[in-house]
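Work through the exercises below with the model open beside you. Each solution goes step by step.

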Amino acid sequence: MTTKYINIEQVGSVSFTINERSKRIRLSIKSDGEIVVSIPSSVPMRDAIRFVESKVDWILKQKTKIQAQSTLFAPESCFRTRFHKLAITKGNTDKVYNRVGNGVIQIFIPDRVNHEQPKVQEFIKNTLIDVMRWEAKVYLPKRLKELADKHGFKYENVSIKNASTRWGSCSSVNNINLNLHLMRVPEHLIDYVLLHELAHTVVKNHGEKFWLLLEHCYPNARKADKEMNNYRTQTF
């Protein structure tokens, strides 16, 4: 697949990808606001651009919704990962920087800098992602093995991802992927996601047999599944 980025008035940069398997133009917006277009190989690029231009109003509405769902980090913010808490301090410094240690993610911002600036918010979120990735690599593989041993599941490899839509996945050969954003959900829901993917090592679909198996390992699994809807994989 070939990808090209084109700047379009009113919406900014748009990612156009030629996909041999696509039968029509598909437009989507990722949770981070990126505009993505999939194009059949038979469709000229100019037609794909015109298609996006015809959808400007829809794109702007969707991007507004995404921005409204995103957390704006401020000095008064209360945010915790599994092992750390966030502290934002404004003071006499000449740059934005971080310091992580002793259970604290410390962000320092100059007095003259507005913490709402996109670049500052991006710095904070990237710092949080780095910390959660480290936490996830330390905690999740160990906890997955504990649950697998307890309930008699077998799996191959485990990987930590910054996935945009899924909390976890299990491949056809029982490799398990886990989302680093699990480090900001409650412990009982982490266990639910891990057991959900472990159950997929036995049953590869979400049919009745899958839920019976999962309920055996995690009572009230369907309730936990609904509770996960309170959390998003990419917004804080």
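This is a predicted model: local features need pLDDT of at least 70, side-chain atom pairs count only at pLDDT 80 or more; totals for chains, interfaces and linings use all residues.

**Exercise 1.** Find the setting of Asn-174, which has a positive phi though it is not glycine.

*Solution.* Phi of Asn-174 is near 70°. The residue belongs to the loop between strand 9 (168–170) and strand 10. Its relative accessible area is 18%, so Asn-174 is buried.

Now look at the flanking strands. Strands 9 and 10 pair in the antiparallel sense over three bridges. Ser-169 stands opposite Asn-177 in strand 10.

**Exercise 2.** Give the strand order of the open three-stranded sheet, and say what packs on it.

*Solution.* The order is 8-10-9, with mixed pairing. Strand 8 (158–161) and strand 9 are the edges, each pairing on one side only. Neighbouring strands are turned by 15° against each other on average, direction ignored. Helix 3 packs on this sheet and touches strand 8 and strand 10. The direction of helix 3 makes about 145° with that of strand 8. Axes are lines fitted to C-alpha atoms, for helices over the stretch in contact, and angles run from 0 to 180 degrees between N-to-C directions.

**Exercise 3.** Which residues touch the most other members of the largest nonpolar core, and which elements supply it?

*Solution.* First, the term. A nonpolar core is a set of buried Ala, Val, Leu, Ile, Met, Phe, Trp, Tyr and Cys residues joined through side-chain atoms within 4.5 Å.

The largest one has 48 residues, and Leu-86, Leu-140, Tyr-192 and Leu-214 touch the most other members. Elements that each supply at least two residues include strand 5 (85–91), strand 7 (104–110), helix 3 (118–151) and helix 5 (208–217). Helix 3 gives the most, with twelve residues.

A second, separate core holds 16 residues, among them Leu-27, Ile-35, Ile-39 and Ala-48.

Now take Leu-86. Leaving aside neighbours within four places in sequence, Leu-86 is in contact (heavy atoms within 4.5 Å) with Phe-73, Ser-77, Phe-79, Ile-105, Ile-107, Ile-124 and Leu-128.

**Exercise 4.** How many residues of strand 4 (residues 35–39) are buried, and which strands pair with strand 4?

*Solution.* Five of its five residues are buried. Ile-35, Val-37 and Ile-39 lie on one side of strand 4, with Val-36 and Ser-38 on the other.

Strand 2 (residues 12–18) runs parallel to strand 4, joined by five bridges. Val-14 has Ile-35 as its bridge partner. Strand 3 (residues 26–29) pairs with strand 4 in the antiparallel sense over four bridges. Arg-26 has Ser-38 as its bridge partner.

**Exercise 5.** Why does helix 4 count as largely enclosed, and what covers its buried residues?

*Solution.* Eleven of the 13 residues of helix 4 are buried, so the rest of the structure largely encloses it. Among them are Leu-189, Asp-191, His-196 and Glu-197. The cover includes helix 3, strand 9, strand 10, helix 5 and helix 6.

Helix 4 has the highest mean pLDDT (98) among the elements of the chain, and helix 2 (residues 56–69) the lowest (82). pLDDT is the predictor's confidence in each residue, from 0 to 100. The chain averages 92, and 97% of the residues score at least 70.

Methods:
Residues are numbered from 1 along each chain as its sequence is written. Side-chain values use heavy atoms; hydrogens and water are left out. Buried means under 20% relative accessible area, exposed over 50%, partly exposed in between (1.4 Å probe, protein chains only). Two strands pair if DSSP finds at least two bridges between them.
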